[in-house]
Amino acid sequence: PPPGAPAFSLISTPPTPQAENLLYQLQENFQALTDKIKLRNILFGRRRIDDLEKHVADLMTEAGIENTDKELSL
């Protein structure tokens, strides 16, 4: 930029088709990664709940308390 001119301009030219394509691909990749992370969190979260329910059932058995799986999942 010329001396005294801002380093950037608030007025920009429209992106080229190549730039638009690249931005679209980045957005799709980001969305796919986000979806994968969300699914992984759901699956691992469910596994942790299942493990916790099993541990509670084991402790109840050791304590001589009988419960059905239906009661544990409430």
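Here are some notes on the predicted model above, from the overall fold down to the side-chain pairs.

1. Overall make-up. The chain has two helices and zero strands. The chain exposes about 7200 Å², and 63% of that comes from carbon and sulfur atoms.

2. The helix α1. This element covers residues 17–62. Just after α1 comes Gly64, with a positive phi of about 80 degrees.

3. A nonpolar patch. Leu22 lies in α1, and together with Leu23 and Leu26 it forms a nonpolar patch on the surface. The three leucines have about 300 Å² of accessible area together.

4. Salt bridges, the count. How many salt bridges does a search of the whole structure find? The answer is three. As a reminder, side chains of opposite charge can pair when their charged atoms come close.

5. Lys54 and Asp58. Their side chains meet in a salt bridge, at 2.9 Å from N to O. The two residues are four apart in α1, so about one helical turn separates them. Asp58 is partly exposed, with a relative accessible area of 32%.

6. Arg46 and its partners. Arg46 forms a salt bridge with Asp50, where the closest N and O atoms are 2.5 Å apart. Again the spacing is four residues within α1, which means about one helical turn between Arg46 and Asp50. Glu53 also forms a salt bridge with Arg46, the closest N and O atoms being 3.8 Å apart. With a cut-off of 4 Å, that pair counts because its 3.8 Å falls within the limit.

7. The network. Which residues do salt bridges with shared partners join into one network? They are Arg46, Asp50 and Glu53. Are these residues buried, exposed or partly exposed? Arg46 is partly exposed, at 42% relative accessible area. Asp50 is partly exposed too, at 35%, and so is Glu53, at 25%.

How values were computed:
Residues numbered from 1 in each chain as written. Predicted model: local features only at pLDDT ≥ 70, side-chain atom pairs only at ≥ 80, totals over all residues. Heavy atoms only, no water. Patch = residues over 30% accessible without salt bridge, like charges linked within 9 Å, V, L, I, M, F, W, Y side chains within 5 Å. Areas by Shrake-Rupley, 256 points an atom, 1.4 Å probe, with all protein chains shown as cover. Buried < 20%, exposed > 50% of the residue type's maximum accessible area, 1.4 Å probe, protein only.
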